[in-house]
Amino acid sequence: MAWVKFFRRPAGGNLAKSYQPGSMLSLAPTKGLLNEPGQNSCFLNSAVQVLWHMDIFRRSLRQLPNHDCHGESCIFCALKGIFSQFQHSRERALPSDNLRHALAETFKDEQRFQLGAMDDAAECFENILERIHLNIVPDADIDSCTSKSCITHQKFAMTLYEQSVCRSCGASSDPLPFTELVHYVSTTALCHQAYDRREERLRSDDMFGELLQAASTIGDLRNCPVGVLHSA
């Protein structure tokens, strides 16, 4: 039983309104972040650098005057502080200590992102986005936020539709809408699909999109939605 999973994004979504390239505002000063022995802050520094080099996010964060501050554990304040140092400091490498402490304090009950411990950069990135959402619109549900002031959802949220299609008979499941800030896919599965396509000499204009779809369905074994039994 073979399936194909489609991820569709509706036309006219949030990402359609992008900044115009070529502006001097899009030229971000490049600085490093310190990672002293024993700090193990590489995962956090990676997430911060990604956010800093996204012009539309960096400028939107700078323009937000108010937020629901959480004091010493306020990730919003700590991230904004690092961005200010990136912009104004003459140092070539800056500490991310304030953000690391805020992250550790925020997740101390879950024992995640604790001081001195290594962690996952992608999960750190996603959790920073979620906390910024809570700092800006604390009463809005993270899965259905439509606030124009929430830069997490205005700049990152993807409304996707998952639909599985049976390769044997063409039957399809009902489209399932959901929202993602970060889409995870196995790099091993992605490389495997790329290798198979190279061996089969398959090319298309949307090759990477097709690779993502194929990699997302590896190991997905579901019955035909119309109840038809297909031979292997």
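These legends go with a set of close-up views of a predicted model.

**Figure 1. The whole protein, before we zoom in.** The protein has eight helices and five strands. If you walk along the sequence, they come in the order β-β-α-α-α-β-α-α-α-β-β-α-α. Of the 232 residues in the protein, 36% are buried. Take the contacts with a separation of 6 or more, and 63% of them are between residues 24 or more positions apart.

**Figure 2. Helix H1 where it packs on helix H3.** Here we look at H1 (residues 42–52) and H3 (residues 75–88), whose axes come within 11 Å and cross at roughly 65°. Angles of 65 to 115 degrees count as roughly perpendicular, so that is how H1 and H3 sit relative to each other. The crossing of H1 past H3 is right-handed. On the H1 side you'll find Val48, Gln49, Leu51 and Trp52, and they meet Leu79, Ile82, Phe83, Phe86 and Gln87 of H3. Sorted by class, this contact of H1 with H3 has seven nonpolar residues, two polar ones and no charged ones.

**Figure 3. Helix H3 alongside helix H4.** The axes of H3 and H4 are 8 Å apart, and the two helices pack at about 165°. With anything over 145 degrees counted as roughly antiparallel, that is the label H3 and H4 get. H3 passes H4 with a left-handed crossing. From H3 come Ile75, Ala78, Leu79 and Ile82; these meet Asn98, Leu99, Ala102, Leu103 and Thr106 from H4. The contact of H3 with H4 splits into seven nonpolar, two polar and no charged residues.

**Figure 4. Helix H1 against helix H4.** What angle do H1 and H4 pack at? The angle is about 110°, and the axes are 11 Å apart. H1 and H4 are therefore roughly perpendicular. Phe43, Leu44 and Val48 of H1 meet Leu99, Arg100 and Leu103 of H4. By class, the contact of H1 with H4 counts five nonpolar residues, no polar ones and one charged.

**Figure 5. Helix H2 and the helices around its buried residues.** Now for H2, residues 55–63, where Asp55, Phe57, Arg58, Arg59, Ser60 and Leu61 are buried. What do these buried residues pack against? Their partners are H1, H3, H5 and helix H6 (151–155).

**Figure 6. Phenylalanine 113 in its loop.** Find phenylalanine 113 in the loop between helix H4 (97–106) and helix H5 (121–136). Is phenylalanine 113 buried or exposed? Its relative accessibility is 1%, so phenylalanine 113 counts as buried. Leaving aside residues up to four places away in sequence, phenylalanine 113 touches Phe43, Arg100, Leu103, Ala104, Phe107, Asp119, Asp120, Glu123, Cys124 and Asn127. Phe43, Arg100 and Leu103 are also part of the contact of H1 with H4. Leucine 44 is 69 residues from phenylalanine 113 in sequence, yet their C-alpha atoms are 8.7 Å apart. The backbone deserves a look too: phenylalanine 113 has a positive phi, about 55°, although it is not a glycine.

Figure 7. Asparagine 40 sits in the loop between strand S2 (32–33) and H1. Its phi is near 55°, a positive value in a residue other than glycine. At 25% relative accessibility, asparagine 40 counts as partly exposed.

**Figure 8. Cysteines without a disulfide.** How many disulfides does the model have? The count is zero. Cysteine 69 is in no disulfide, and the nearest cysteine sulfur, on cysteine 77, is 3.7 Å away; the cut-off for a disulfide is 2.5 Å. Cysteine 69 has 43% relative accessibility, so it counts as partly exposed. Cysteine 124, on the other hand, has 0% relative accessibility and therefore counts as buried. Cys124 is also one of the residues touched by phenylalanine 113.

Technical notes. Residues are numbered from 1 along each chain as its sequence is written. This is a predicted model: local features need pLDDT of at least 70, side-chain atom pairs count only at pLDDT 80 or more; totals for chains, interfaces and linings use all residues. Side-chain values use heavy atoms; hydrogens and water are left out. Axes are lines fitted to C-alpha atoms, for helices over the stretch in contact, and angles run from 0 to 180 degrees between N-to-C directions. Helices (H or I, at least four residues) and strands (E, at least two) are DSSP runs, numbered from the N terminus. Angles under 35 degrees count as roughly parallel, over 145 as roughly antiparallel, 65 to 115 as roughly perpendicular and the rest as oblique. A crossing is left-handed if the near helix is turned anticlockwise from the far one by less than a right angle, and right-handed if clockwise. Contact means heavy atoms within 4.5 Å. Ala, Val, Leu, Ile, Met, Phe, Trp, Tyr, Cys and Pro count as nonpolar, Asp, Glu, Lys and Arg as charged, and the others, Gly among them, as polar. Buried means under 20% relative accessible area, exposed over 50%, partly exposed in between (1.4 Å probe, protein chains only).
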